[in-house]
Amino acid sequence: MDLEKHPQKPVVPAERGAAARPSDEIRASDADRDRIADILRDALAEGRLDAEEHSERIDLVYRAKTLGELQPIVRDLPPARAKDADTETYAYGPDAQGGPEENLVAIFSSTIRKGRWSIGRRTNAFSFFGNIEIDLTEALFQQRLTVINATSIFGNVEVRVPENITLRGNGSGIFGNFEIRGLEASNPEAPVVVVSGYSVFGNVEARPKRGRRVSDLHNRLRKYLG
């Protein structure tokens, strides 16, 4: 063959996204969705995502049908952290998505949630000329990540947590106060509590309760569920 008369055509790389890879069409399993959800939980705990972004993405995770739909959700996030074999693991309950939310409302009144109780994935607190106290120092965490949405209008919402968990917040105050005293647990498997929301002529505050620690979560939760 005369190569001078018949030059080879250069190989043009396929445009990104022009053709789906065969693996992208594989149906996603529950384990695949949980793996992506773990990446999102780590991103929220590390402050890479706020509570609203996490909620939006986690909704997409559990609506995804294929692997190709899952990967773009975490494309801008680092992979899940490898777990240290020597790190204590906590016996959390079923980490079911879309479980029932708990609503705490105080309108010209007071609402208190404290003592030995099992807190779910999401709690909504709304105070209007009222007071809400959420004490997690003796609570049983069913999941690693707990989100509290707090709204205070001419009212007060106070969240108290034990000293050995991770506490983060994302919110604002309009002629009011929104204060989160952040914590970072030494154990990466410890519960993570994220407080989000806003206050208008009111107060939203989350901080650790001195001297209170969540201890022996594995045995406590096993006894509680047993």
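Which backbone nitrogen does the side chain of threonine 166 reach? The legends below answer this and look at other sites.

**View 1. Threonine 166 and its surroundings.** The side chain of threonine 166 reaches the backbone nitrogen of alanine 185 at 3.0 Å. This is a polar contact (a pair of N or O atoms within 3.5 Å; within protein, one must be able to donate a hydrogen and the other to accept it, and residues adjacent in sequence count only if both atoms are side-chain atoms). Threonine 166 lies in strand β9, residues 166-174. Helices (H or I, at least four residues) and strands (E, at least two) are DSSP runs, numbered from the N terminus. Threonine 166 is buried, at 5% relative accessibility. Buried means under 20% relative accessible area, exposed over 50%, and partly exposed in between (1.4 Å probe, protein chains only). Beyond its neighbours within four places in sequence, threonine 166 is in contact with residues including Leu183, Pro191 and Val193. Contact means heavy atoms within 4.5 Å.

**View 2. The whole model and its confidence.** This is a predicted model, in which local features need pLDDT of at least 70, side-chain atom pairs count only at pLDDT 80 or more, and totals for chains, interfaces and linings use all residues. Residues are numbered from 1 along each chain as its sequence is written, and side-chain values use heavy atoms, with hydrogens and water left out. pLDDT is the predictor's confidence in each residue, from 0 to 100. Its mean over the protein is 79, and 76% of the residues reach 70 or more. Among the elements, β5 has the highest mean pLDDT (97) and helix α4, residues 217-225, the lowest (49). Over residues 3-19, pLDDT stays under 50. Where pLDDT is low, the predicted coordinates should not be read in detail. The protein has four helices and 12 strands. Of its 226 residues, 41% count as buried.

View 3. Aspartate 135 is buried, at 3% relative accessibility. Its side chain joins that of threonine 137 in a polar contact of 2.6 Å. Threonine 137 lies in the loop between β5 and β6. Threonine 137 is buried too, at 4%. The side chains of lysine 209 and aspartate 135 meet in a salt bridge (3.1 Å, N to O). The pair links distant parts of the chain, 74 residues apart. A salt bridge is a side-chain nitrogen of Lys or Arg within 4 Å of a carboxyl oxygen of Asp or Glu. Lysine 209 is partly exposed, at 30%. Lysine 209 is also among the contacts of threonine 137, as is Arg160.

**View 4. The salt bridge of arginine 160 and glutamate 205.** The closest N and O atoms of arginine 160 and glutamate 205 are 3.0 Å apart. Arginine 160 lies in strand β8 and glutamate 205 in strand β12, so the pair ties together parts 45 residues apart in sequence. Arginine 160 is buried, at 9%. Glutamate 205 is buried as well, at 13%.

**View 5. A nonpolar patch on the surface.** Members of this patch include Val105, Phe129, Ile174 and Phe201, and the whole patch has about 930 Å² of accessible area. Patches are made of residues with over 30% relative accessible area and no salt bridge; like charges are joined within 9 Å, nonpolar side chains (Val, Leu, Ile, Met, Phe, Trp, Tyr) within 5 Å. Accessible areas come from the Shrake-Rupley method with a 1.4 Å probe; for residues, only the protein chains shown count as cover. Phenylalanine 129 sits in the loop between β4 and β5. Phenylalanine 129 is partly exposed, at 39%.
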